[in-house]
Amino acid sequence: MTHFQFGKKFQQKQKRSSSRFQRTLSITNISLSSFCSTNEHKGFELPGKGSGKGSACCCKGLGGDDVALPQVSFDQDESNLFYKIEFASEMHHSWWSVGLNEKQFLIIKAVVHPPYVWFGHVRLKEPLVDECITTEFENECRKIIITMTKSDDTRWRLIGAPQPEDNRIMPSTEVPLDFYPATIIHKEKLISGHYLIAIRTGCEYQFSVPVAWHMMIRIGDVYKPYSPIKFITAQQEAYYKILDNTKKRSSSTVTYFIIRIHPGGEITPKLLVKSGADSPTDLELGSVLGRFDTDWLYQTDRLLIFAGGSGIAPWTSLIKFIKDRPTFQVKQVVLILSCRVRNLEDMIWHPVWVTLSLLDWFFYVPYATLTSDGEEPRRFTLESIIEDLAQIPNPSGTGKNLKQRGVASGPEGFTDSCHSALKKLNFDEEDILLFRG
Ligand SMILES: Cc1cc2nc3c(=O)[nH]c(=O)nc-3n(C[C@H](O)[C@H](O)[C@H](O)COP(=O)(O)OP(=O)(O)OC[C@H]3O[C@@H](n4cnc5c(N)ncnc54)[C@H](O)[C@@H]3O)c2cc1C
């Protein structure tokens with residue numbers, strides 16, 4: 001199966017389509033000469049007034065494409081350090097994550113071209129007293145300014161030392177992991193064994209997560225990936241905003257997950273243990289990573305989303321992304337959600353999907369797979385899916401050649417069944433994307 005390997009033909013289509021999308025692959029079009037003429041990596045040495053260019057730009061071939069490194073510079077006033085990074089290519093605020101680890105290691109990740117990430121890793125001259133960082137965007141999120149408070153009022157001649165992997169572009173899965181202290185602030189049972197869990201990180205970690213990417217939750221020495229969710233309806237947003245506000249520390253971020261608890265598991269049962277402040281004391285969150293690129297959805301007439309239980313998590317951000325962009329070219333979304341519950345009303349976020357179904361582009365096909373009194377459970381089979389799809393009208397303006405894509409996430413057996421179903425429905429491998437686990 002092709003997960004995210006897009007051929008040249010697809011990339012050319014993407015370039016053509018760029019004006020219709022919120023983001024483009026314009027990095028492939030950048031004239032590198034305009035960057036390369038200025039540069040030589042100068043570490044972080046600065047002239048006395050702190051106005052010099054701290055770094056750096058080089059050119060690198062990457063999977064056949066040329067990708068430009070950003071302009072990086074360092075500035076300061078009496079009490080603050082300002083670390084600035086600017087890309088020439090289009091960026092979005094959700095493609096940046098910035099953390100200050102152990103008060104001294106500045107770690108920056110910028111998604112320049114999924115799955116590729118620019119990685120910045122600098123050891124500051126000395127540990128800061130205040131670990132709070134703030135981030136500010138300019139130039140339509142191409143530029144980020146990271147502000148840190150100095151430990152004393154002296155001017156720093158050097159910001160510190162770049163670490164070995166600093167200023168490199170690499171697949172997100174190869175970027176070193178970074179973790180930050182976190183606290184569980186809210187737990188809510190959704191269905192048997194599945195919880196909505198809200199985790200707060202402190203002001204040393206500023207991030208948001210690209211559509212259908214994930215993060216690592218670490219407890220002690222063990223860490224595993226989880227997909228942050230996005231709330232979709234205004235009602236949900238309002239409810240959880242209150243929660244955010246009442247339990248907030250300044251500049252902290254609350255990230256929400258839907259997590260299935262595996263009894264006897266290494267991580268998940270610990271998320272439910274009540275200890276002290278209602279959270280494992282050694283809980284950490286970090287390491288935004290993933291591969292999904294929304295450009296993959298180019299000219300999709302119908303998107304089939306299969307989700308088994310907590311497998312709905314990555315698709316919450318995708319559905320919200322499509323909902324928030326009326327001009328985005330996915331004409332129809334069909335959500336096929338399977339949960340081990342007896343009644344449809346008990347499905348994960350059932351009212352949300354019912355509300356969305358009022359919109360003409362969204363169709364909801366629920367499977368409650370446990371028997372309720374006297375009733376046969378709905379079995380998730382190829383025949384049942386074909387039957388369901390037959391009831392759904394083709395999106396308007398589409399002819400015989402309906403362009404369909406399918407995504408699936410859930411336990412392994414579930415995603416395997418979805419894959420077989422999509423193959424039998426004649427989906428090309430390159431139009432199928434599976435998240436297992
Ligand atoms: C990219 C990615 C994103 C993910 N996002 C989420 C998410 O948003 N929410 C979520 O709940 N999980 C998600 N997972 C799964 C998660 O990373 C862990 O694998 C899972 O929570 C295992 O928890 P554990 O350590 O407590 O159990 P483990 O110690 O790994 O396992 C305990 C027992 O549970 C069984 N088990 C473990 N995982 C599964 C499974 N998926 N299906 C069936 N049986 C299983 C094991 O076989 C074992 O018997 C994601 C996985 C990936 C790869």
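Predicted model: local features only at pLDDT ≥ 70, side-chain atom pairs only at ≥ 80, totals over all residues.
Residues are numbered from 1 along each chain as its sequence is written.

Colour next by secondary structure, which comes to eight helices and 23 strands (DSSP runs numbered from the N terminus, H or I over at least four residues for helices and E over at least two for strands).

Now select the ligand and the 20 residues that surround it, of which H262, G265, T268, A313 and G437 are the closest (a residue is near if its C-beta atom, placed from the backbone, lies within 6 Å). The elements giving two or more residues to this shell are β16 (222-226) and β17 (253-260), and β17 supplies the largest share, four residues. Domain 2 (179-289) and domain 3 (294-436) each contribute at least three residues to the shell, their bounds coming from an automatic or database domain assignment.

From A313, move to helix α5 (residues 313-323), which is largely enclosed by the rest of the structure because nine of its eleven residues are buried. Among these buried residues are A313, W315 and F321. Show β17, β19 (300-308), β20 (330-339), β22 (404-410) and β23 (432-436) as well, since the buried residues of α5 pack against these strands (contact meaning C-beta atoms, placed from the backbone, within 7 Å).

Methods: Buried ≥ 20, exposed ≤ 12 C-beta atoms within 10 Å, placed from the backbone. Contact = placed C-beta atoms within 7 Å.
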